[in-house]
Amino acid sequence: MSWEEILQRPSSFWLNGRGPEQEVVISSRVRLARNLAGHPFPNRAGDGELEGIMTAVGNAIQGFPDQANYYFLSLSKLSPVDRQLLVEKHLTSPDHIKEPRQRGIVLREDEGVSIMVNEEDHLRIQALFSGLQLEEAWKLAGEIDDRLEKTLTYAYDEAFGYLTACPTNAGTGLRASVMVHLPGLVMLNRIGKVFAPLSQLGLATRGMYGEGTEALGNMFQISNQITLGRSEEELIAHLQAITRQVIEQERGARQELYREMGDHLVDRVFRAYGILTHARLLSTKEAINLVSDLRLGLDLNLLPQLNYRILNELLVLCQPAYIQKIAGQQQSSRERDAKRATLIRERLKNGN
């Protein structure tokens, strides 16, 4: 499979919908920030130094026993649409693609692993899993980290741990996050009350694509803020415990919603299904919000013909860059809205 085929498919390992607690937790991610010893951070490095980092990482990947399953892509050689598509699929960050020169990304064929090269740090090693699988994501990210360290020397200090461009990432360099779907708490106006104490517990809440992004479709990211002074295992366990509390609160909210709204909630779900299976024009925001209602309907056993994998794929099908990639040409906003509606209708019709 070529990297272009990977980008064009709406499915991936971490969107398979088979993870634990999938009705609330869409995905788990662990990201490790690393820098190479003896080299300035990317924001202070010249093109020659950044190119040297790219070469060193490429050589390290060549040493992987399964290196045939990995692709090292230079961002400058990708089209703007392909770069944006990497963001839409949560494989890299919006900041990473802003200046593509001497930046790259390593992708594992199933998209469960991606490594951002020369983003804020020299390396951002990312592992993605479906559902609540933080420990599994940490194990995989750690394995990739160990492989790279066989040929790369990291910037490390006995007192401060791994050295990073931003002091808030120093120490373990670990950021763990879960993407959660919380329609019950949102619709009952309790999301603020649930999220308010999280900052005091060392956690941050963000939108669908991380810091500074909008929480579309009742989807949020919860991640650790603290990276120094705790072990990786402690950080993972803490986020996992808090996530389980949020899951229980969301489940209770959904049951209360169903008791209070009854037919109104059922009507909302089937209206969303009716629109998505018949609409000819859909904006990104409208589509994602309607998919959120479908997820709630599936959770309430109202739409047995659907599954989480289909609904996760719809989140990719909604996105502007993905639509332009499939169309193979630049499209106007209206053309994208029409193509989006068609892709969603066809995916829901095909099922499975």
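Residues are numbered from 1 along each chain as its sequence is written, and side-chain values use heavy atoms, with hydrogens and water left out. Because the model is predicted, local features need pLDDT of at least 70 and side-chain atom pairs count only at pLDDT 80 or more, whereas totals for chains, interfaces and linings use all residues.

Helices and strands are DSSP runs numbered from the N terminus (helices: H or I, at least four residues; strands: E, at least two). Helix 7 covers residues 232–261, 30 residues in total. From its first C-alpha to its last, helix 7 reaches 43 Å, close to the 44 Å expected at 1.5 Å a residue; the expected span is 1.5 Å times one less than the number of residues. Glycine 262 follows helix 7 and has a positive phi, near 50°.

Strand 10 (residues 219–224) is mostly covered, with 6 of its 6 residues buried. Residues are called buried under 20% relative accessible area, exposed over 50% and partly exposed in between (1.4 Å probe, protein chains only). In a regular strand the side chains alternate between the two faces of the sheet. In strand 10, Met219, Gln221 and Ser223 point one way, while Phe220, Ile222 and Asn224 point the other way, and all are buried. Strand 10 runs antiparallel to strand 8 (residues 174–181), to which 5 bridges join it; two strands pair if DSSP finds at least two bridges between them. Within this pairing, valine 178 has isoleucine 222 as its bridge partner. Strand 9 (residues 203–206) is also antiparallel to strand 10 and is joined to it by 4 bridges, with alanine 204 opposite serine 223.

Serine 130 lies in strand 5 (residues 123–130) and is buried, at a relative accessible area of 3%. Its side chain makes a polar contact of 2.9 Å with the side chain of glutamine 22 and reaches the backbone nitrogen of arginine 18 at 3.5 Å. A polar contact is a pair of N or O atoms within 3.5 Å; within protein, one must be able to donate a hydrogen and the other to accept it, and residues adjacent in sequence count only if both atoms are side-chain atoms. Beyond residues up to four places away in sequence, serine 130 touches several others, including Phe13, Trp14, Pro20 and Ile26, where contact means heavy atoms within 4.5 Å.

The structure holds 25 salt bridges, each defined as a side-chain nitrogen of Lys or Arg within 4 Å of a carboxyl oxygen of Asp or Glu. Aspartate 82 and lysine 325 form one of them, at 2.8 Å from N to O. This pair links distant parts of the chain, with aspartate 82 in helix 3 (residues 80–88) and lysine 325 in helix 11 (residues 320–327), 243 residues apart. Aspartate 82 is buried at 5% relative accessible area, and lysine 325 is buried at 14%.

Two further salt bridges lie within helices. Glutamate 313 and arginine 309 have their closest N and O atoms 3.2 Å apart; they are separated by about one helical turn because they are 4 residues apart in helix 10 (residues 308–317). Glutamate 313 is buried at 4% relative accessibility, whereas arginine 309 is partly exposed at 25%. In helix 12 (residues 333–350), aspartate 337 and arginine 340 are 3 residues apart, again about one helical turn, and their closest N and O atoms are 2.8 Å apart.
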